[in-house]
Amino acid sequence: AKKSYGRGAGHVMTCAAGYQEDAALCYPLCPAGYYGVGPVCWESCPVVNPIDGGAICCETAVDCSNKIKELCAGLPLAVAKALLSGGNPQKIIQAVEDA
């Protein structure tokens, strides 16, 4: 058998002032009105649209669900059109815009 040895439990990582830890990495703090998730600062949802739907803010959870469904619904069709475009950049751009 191979030789081995323990090297201890390690130590807790801390971030320097002005940084926050997320998933064992340090990132610069986000400005007021934003919150950090990894390397991205997301805008906090305003009072008029308080539901956080990820990249969108909505008045209600149902609104967020509907908006996300609408955003996703055209994606498979856009991909299919882009694949069938024969590499034509204008057709690819149009397929994305139509989605």
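The model is a predicted one, and its secondary structure amounts to three helices and six strands. Read from the N terminus, the elements follow the order β-β-β-β-β-β-α-α-α. The radius of gyration of the chain is 22 Å, well over the 13 Å that the globule rule gives for 99 residues, so the chain is more spread out than a compact globule.

**Overall dimensions and contacts**

- The C-alpha trace of the chain spans about 60 × 50 × 25 Å when it is taken along its principal axes.
- Among the contacts in the chain with a separation of 6 or more, residues 24 or more positions apart account for 3%.

**Surface and charge**

- Of the 99 residues of the chain, 10% count as buried, where the cut-off for burial is a relative accessible area under 20%.
- The chain exposes about 8000 Å², and carbon and sulfur atoms supply 62% of that area.
- Charged side chains number 7 positive and 9 negative, and the centres of these two sets lie 20 Å apart.

**The loop between strand 1 and strand 2**

- A23 is placed in the loop that links strand 1 (19-22) to strand 2 (25-28), and A24 lies in the loop between these strands as well.
- Most residues other than glycine have a negative phi.
- A23, however, has a phi near 55 degrees, a positive value in a residue other than glycine, and A24 likewise has a positive phi, near 65 degrees.
- With a relative accessibility of 64%, A23 counts as exposed because the cut-off for that class is over 50%.
- A24, at 47% relative accessibility, counts as partly exposed.

- Strand 3 (residues 34-37) and strand 4 run antiparallel and are joined by four bridges.
- Y34 has E43 of strand 4 as its bridge partner, while V37 stands opposite V40 in strand 4.
- Two residues lie between the strands of this hairpin, in which G38 takes a positive phi near 60 degrees.

- V48 belongs to the loop between strand 4 (40-43) and strand 5 (51-52).
- The relative accessible area of V48 is 64%, so this residue is exposed, the cut-off being over 50%.

**Helix 2 and the residue that follows**

- Helix 2 (residues 75-84) has ten residues, of which the number buried is one, so this helix lies largely in the open.
- Just after helix 2, G86 takes a positive phi of about 70 degrees.

Note on methods:
Residues numbered from 1 in each chain as written. Predicted model: local features only at pLDDT ≥ 70, side-chain atom pairs only at ≥ 80, totals over all residues. Heavy atoms only, no water. Rg over C-alpha atoms; globule rule 2.2 N^0.38 Å. Buried < 20%, exposed > 50% of the residue type's maximum accessible area, 1.4 Å probe, protein only. Contact = heavy atoms within 4.5 Å. Areas by Shrake-Rupley, 256 points an atom, 1.4 Å probe, with all protein chains shown as cover. Lys, Arg positive; Asp, Glu negative; His and termini not counted. Charge placed at Lys NZ, Arg CZ, Asp CG, Glu CD. Pairing = 2+ DSSP bridges.
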